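Dear colleague,

Please find the structure below, together with its sequence.

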Amino acid sequence: MPLNPSWVTSANSADTDFPLNNLPYGVFSTDTLDARCGVAIGDMILDMYAAEEQGVIDLTDEPLFDVPFWNELMEQGPAVWTALRNRLTDLLADGSKDRALVEPLLVPMEDATVHMPLVVSEFTDFYAGRHHATNVGTMFRGPENALPPNWLHIPIGYNGRASSVVVSGTDIRRPWGQLKSPDHDMPAFLPSRRFDLELEMGAIVGMASDGPISVDEADAAIFGYVLLNDWSARDIQAWEYQPLGPFQAKATATSISPWIVTKAALEPFRTPTPEREFEHLDHLKDTGPMLYDIDLSVTLAPDGKDATTIAETNYREMYYSAAQQLAHHSTSGCPMNVGDLLGSGTISGPTKPERGSLLELSWGGKEPLTLDTGDTRTFLEDGDTLTLAGHAKGDGYRIGFGTCTGTMLPALEDPYKR
Ligand code: CA
């Protein structure tokens, strides 16, 4: 599919993240506008609150955009999702008869502050990238036992916290926690010294379910995708994770990019999961291409200095699709809700520059990275700004996610000091 031209000329550039083919959904405010839903188009945002109030968008009897989150639209289900996308495409297409109505509803993106695009109902994070799991397993258990015995049969995950999911641009405070260095007999309560990023994609559930659903039903229930950085305190994690998995190591923050890229926009970029070592049980069998060809990158900028690209990989490196993860999540009868967020797990490719965490890039801290600025890193330092970016590459256009960024703040004074 080629570029779909828009009368918003900035949307026709080959390197904008937001051509008419994309139409991602976010929430923004300006000095004069309260937080509200918006749609990114080129370097502008269409004000959905105003569009609905003025009758330019009129899909349902009850208003959808009188609230600053996209859950109300998601609740309407796929027929309304499609109707909205079609209407937006008509309004913004080159030659649209409605241009005069829509033009006053556009806000320059540079004047806007972004907010969380949805109310996250619950957050589950998976461990479903084979290269990542192999790298981490090799570090901790040796190459023979790198993948746990269940890994090739089920997407492993844990239930995280919706309360710590934040939008891109939110500063990240270095946490304190209980750690135990292998060199010491007893644990200590200290600021994390091995604070890390995890490059992931987040899938947003748009249709509720109450009982087991198939992979196809799960794929249909996914509304869209965001970039996701699952900030991780490796030293807290190493001490706490057995036998119930990560807890406080993952509870400081998880950042997401501000624009929900819809499954509809990503449709031309579907790609199959990798070759299977074991046939999956029926409830997890692949039924079609359910990953996406999305180029991903991570940059690190030390305080006040230029950014260095530290990792480049692609979402197609995942072993399990979000649809398989969602189907697996439902097998127990676990109710899934509109607004649930599923983290893919860290995405790493087969080679060193494709590793999606500093744990892997510095091989457990043993091989420091040298940045373009000459600085070296094993884990994150105070003042570092991490930026994830991603896009699917079309013919003369791209479906971009914008960026997912966060800056490390120093730990507070000892919170328990008497
Ligand atoms: Ca993770």
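Predicted model: local features only at pLDDT ≥ 70, side-chain atom pairs only at ≥ 80, totals over all residues.

Two strands are said to pair if DSSP finds at least two bridges between them.

Strand β2 covers residues 36–41. On one side, four bridges join β2 to strand β3 (residues 44–47), and the two run antiparallel. Ile41 has Met44 in β3 as its bridge partner. The hairpin of β2 and β3 has two residues between the strands, and Gly42 there takes a positive phi near 60°.

Strand β2 also pairs with β1 (residues 25–29), again antiparallel and through four bridges. Here Gly26 stands opposite Gly38 of β2. The hairpin that joins β1 to β2 runs through six residues.

How many of the six residues of β2 are buried? Six of the six are, and the strand is mostly covered. In a regular strand the side chains alternate between the two faces of the sheet. In β2, Arg36, Gly38 and Ala40 lie on one side and Cys37, Val39 and Ile41 on the other, and both faces are covered.

The nonpolar cores come next. The largest has 66 residues, and Tyr225 and Tyr315 have the most contacts inside it. Tyr225 touches Tyr315 itself, and other residues including Trp259, Leu266, Tyr292 and Phe401. Apart from this core lies another, of 44 residues, among them Cys37, Ile57, Phe65 and Leu91.

Yours sincerely

Note on methods:
Residues numbered from 1 in each chain as written. Heavy atoms only, no water. Buried < 20%, exposed > 50% of the residue type's maximum accessible area, 1.4 Å probe, protein only. Core = buried A, V, L, I, M, F, W, Y, C linked by side-chain atoms within 4.5 Å. Contact = heavy atoms within 4.5 Å. Lists of a residue's contacts leave out its neighbours within four places in sequence.
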